[in-house]
Every structure is written in C-alpha cells, then in structure tokens.
Amino acid sequence: MVKRVDVSKVQLDVFRPWVQERIEKILGFEDEVVINFVMSLLEQNEETEKKELNSNLKGFLEAGTADFVDELWELLSEAEDNARELVNDEG
C-alpha cells in the first residue's frame, strides 16, 4: 500500500529551509530552480505520493533522489499526523 500525504494539512513553508539545505548537500551548491520545483510539486497537489515525487526529482538529484524523498516523506508524514492529532484534540 502506498501512503499518500495530505499536504493541505502541513505548513509547507516550514519545510523550505530543510529542502534548501538537503538539496545544497546533495548537489554541492544552492540551486533555487530545484528548490522551487520541489516546493511547487508539494504545493500543487493536495495529496502527494512518494513514487511521484521520486520520479519527478530523479533527473535533478540523480543518485541522491531516493534518500532525499525518503527523508522528506518521513517529515511530511509526521507533520500530517501531528496536524491530525491537533484537530482531534481540539474536537
């Protein structure tokens, strides 16, 4: 089963510094085009799928793609779960 993340429940702007840092580490330099592409992939879809992210980023991050997507996916999943818990606690 492929878990989708509902990014509408996540504050994506919080992830930008992490995305920027990881991309710089993978590529060896800051690349605003790739950073903006990652953020737009997350922002344009309410529900994002890990496999889709992986295939969209492979051409940019090459060998670093799988690790980047795995780490990002874990953070997004945790953020979605935390948002869901907050809603349940308030309700």
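Modeller: Helices here are DSSP runs of H or I with at least four residues, strands are DSSP runs of E with at least two, and both are numbered from the N terminus. With that, the protein reads β-α-α-β-α-α along its sequence.

Biologist: How many helices and strands are there in the protein?

Modeller: Four helices and two strands.

Biologist: And what am I looking at?

Modeller: This is a predicted model, in which local features need pLDDT of at least 70 and side-chain atom pairs count only at pLDDT 80 or more, while totals for chains, interfaces and linings use all residues. Residues are numbered from 1 along each chain as its sequence is written, and side-chain values use heavy atoms, with hydrogens and water left out.

Biologist: What share of the residues is buried?

Modeller: Buried residues are 34% of the 91 in the protein. Buried means under 20% relative accessible area, exposed means over 50%, and partly exposed is in between, using a 1.4 Å probe and protein chains only.

Biologist: Start with α1. Where is it, and what span does it have?

Modeller: Helix α1 covers residues 16-27, which is 12 residues. From first C-alpha to last it reaches 16 Å, close to the 16 Å expected at 1.5 Å a residue. The expected span is 1.5 Å times one less than the number of residues.

Biologist: Which residues in α1 are buried?

Modeller: V19, R22 and I23. They sit on the same side of α1, because they cover an arc of only 100° around the axis. The arc is taken from the directions from the helix axis to the C-beta atoms.

Biologist: And on the other side of α1, which are exposed?

Modeller: P17, E21 and K25.

Biologist: What comes just after α1?

Modeller: G28, with a positive phi of about 90°. F29 is also in the loop between α1 and α2.

Biologist: How exposed is F29, and which residues does it contact?

Modeller: F29 has a relative accessible area of 47%, so it counts as partly exposed. Leaving aside neighbours within four places in sequence, F29 contacts I23 and E24.

Biologist: How do α1 and α2 pack?

Modeller: α1 packs against helix α2, residues 32-44, at an angle of about 135°, and their axes are 10 Å apart. That makes α1 oblique to α2. The contact uses R16, V19, Q20, I23 and L27 from α1, and E32, V34, I35, N36, V38 and M39 from α2.

Biologist: How are the axes and angles defined?

Modeller: Axes are lines fitted to C-alpha atoms, for helices over the stretch in contact, and angles run from 0 to 180 degrees between N-to-C directions. Under 35 degrees counts as roughly parallel, over 145 as roughly antiparallel, 65 to 115 as roughly perpendicular, and the rest as oblique.

Biologist: Now α2 and α3. What is the angle there?

Modeller: About 175°, with the axes of α2 and helix α3, residues 50-61, 11 Å apart. α2 and α3 are therefore roughly antiparallel to each other. V34, F37, V38, L41 and L42 of α2 make the contact with L53, N56, L57, F60 and L61 of α3.

Biologist: Which residues of α3 are buried?

Modeller: L53, L57 and L61. Down the axis of α3 they fall within an arc of 40°, so they line one face of the helix. The face turned away from that buried side carries K51, S55 and G59, which are exposed.

Biologist: Back to L61. What does it touch?

Modeller: Neighbours within four places in sequence aside, L61 is in contact with I23, I26, L27, V34 and F68. L61 and I26 are 35 residues apart in sequence, yet 7.0 Å apart in space, C-alpha to C-alpha. The relative accessibility of L61 is 3%, so it counts as buried.

Biologist: Last one: S77. Where does it lie?

Modeller: S77 lies in helix α4, residues 65-90. It counts as buried, at 10% relative accessibility. Not counting residues up to four places away in sequence, S77 touches K3 and V5.

Technical notes:
Contact means heavy atoms within 4.5 Å.
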